[in-house]
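Trainee: Could you walk me through how to read a model like this? I'd like the general idea each time, then the case at hand.

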Amino acid sequence: MERVTLKRTPLFELIEPKAKMVDFAGFEMPILFSSIKEEHLAVRQNVGMFDVSHMGEIRIEGPDALEQVQNLVTNDVSKIKVGQAQYNLLCLEDGGVVDDLLVYRLDEDAYWLVVNASNIEKDEAHIRRYVNGDVTVTNESDEYGQIAIQGPKAEAVLQTITNVTLEEVGFFKFMNGDVAGVPAVISRSGYTGEDGFEIYARAEAIATIWETLESEGVTPCGLGARDTLRFEACLPLYGHELDESVTPFEANLNFAVKLDTDFIGKDALVSQKENIPTRLVGLRLLGRGIARQGAQVEVDGDVVGVVTTGTMPPTVNESIAWARVDARYKDEERFVIDIRGKKIEAERVPTPFYKRTK
């Protein structure tokens with residue numbers, strides 16, 4: 001068999017001796033350093049950090065940049081000012097989701113699309129297919145590293161090593177400044193349900209930031225804790241809650257779709273808006289077991305849906321699941337989940353499963 005060579009982030013040499021590494025989206029990434037539970041709780045209760053340098057950055061700039069980005073994504077990018085970011089979706093013409101991403105407005109005519117690692121090449125091809133006019137598209141993914149520092153003490157710790165006044169950086173806003181002496185983009189955003197920041201710096205310099213944060217006592221965390229944290233907060237993961245067969249409405253992401261703008265897939269979403277075929281619901285298992293992705297969800301013996309993510313995350317400390325069900329059953333109170341032939345009852349519960357106290 002042909003040996004697959006995995007990509008490595010700029011932090012690999014620092015991280016690999018201390019972590020259990022796995023293949024994730026073609027990258028050799030840390031799944032954990034100590035344990036998923038310890039790292040999860042560090043973020044919920046204190047402060048942790050993640051190497052997320054595998055994420056992609058695609059720059060679109062030029063006089064027609066606003067018009068072209070607006071055509072690509074579902075949200076209204078005309079509403080964001082320089083120094084702001086916005087959650088967005090790239091869609092196919094049939095409304096299926098190509099990727100979910102953040103759009104950063106770097107300048108009047110310059111935008112950064114921060115995309116999922118597994119979709120970098122696909123997203124770039126999609127963007128180049130539809131973009132025209134006076135703009136340039138540059139894939140800068142290999143030029144930057146990214147560290148996410150998350151948790152209730154993230155601001156206090158990061159403030160000690162940056163010249164940016166972090167209390168002035170609001171949610172989904174960013175500033176340029178130095179972190180540990182390294183020029184960086186500091187964004188108040190994250191994927192954990194906690195307060196925190198995502199720090200972008202040149203690939204050759206980002207290790208200095210990681211080492212400095214570690215010396216300040218920030219807990220290194222792997223992708224395992226990142227997944228349990230995002231799941232508790234009901235933040236979708238591409239390949240689980242989202243893919244090209246799922247529309248934003250089916251993923252409960254209506255807030256990120258502005259039908260008064262023009263974008264690829266709009267017509268399909270306008271047609272679907274009044275008759276959305278499936279919806280995501282939160283479930284709590286009433287018996288022993290973990291409902292993994294792909295487990296069938298039933299009502300009265302009929303299959304009505306499928307689990308997209310399920311586990312027993314440390315903060316909630318109950319077996320919970322997110323499931324995509326036929327919209328006719330979205331208000332049903334009781335379901336049955338088939339876990340490898342074992343039928344486990346589950347009840348519908350409000351989402352998100354966890355919401356931080358501000």
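Predicted model: local features only at pLDDT ≥ 70, side-chain atom pairs only at ≥ 80, totals over all residues.

Trainee: Which residues does UniProt list for "domain: Aminomethyltransferase C-terminal"?

Mentor: UniProt positions are in the numbering used here, feature names are shortened, and annotations may be inferred rather than shown by experiment. In an unreviewed entry, UniProt lists residues 279-355 for that domain. That span is 0% helix and 55% strand, where helices (H or I, at least four residues) and strands (E, at least two) are DSSP runs numbered from the N terminus. The unreviewed entry also places "domain: GCVT N-terminal" at residues 16-260, a span with 22% helix and 32% strand.

Trainee: Is R230 buried or exposed?

Mentor: Buried means under 20% relative accessible area, exposed over 50%, and partly exposed in between (1.4 Å probe, protein chains only). R230 counts as buried because its relative accessibility is 0%. You'll find R230 in helix α7 (residues 223-232).

Trainee: Which side chains make polar contacts with the side chain of R230?

Mentor: A polar contact is a pair of N or O atoms within 3.5 Å; within protein, one must be able to donate a hydrogen and the other to accept it, and residues adjacent in sequence count only if both atoms are side-chain atoms. The R230 side chain has one with E241 at 2.9 Å and one with T309 at 3.0 Å.

Trainee: How many cavities of 30 Å³ or more are there?

Mentor: On a 1 Å grid over the protein atoms alone, a cavity is a set of points where a 1.4 Å probe fits but cannot get out, a pocket is an open set with protein on both sides within 12 Å along at least five of seven lines, and lining residues have an atom within 4 Å of a point. Here the count is one cavity, and residues lining the largest cavity include F50, Y191 and R226.

Trainee: What about the second largest pocket?

Mentor: It holds about 330 Å³ of space. Of its 22 lining residues, K7, F27, I120, S141 and D142 are closest to the centre. Helix α4 (residues 120-130) gives the most to that lining, with four residues.

Key:
Residues numbered from 1 in each chain as written. Heavy atoms only, no water. Points joined across faces, edges and corners; volume = space filled by probe spheres on them.
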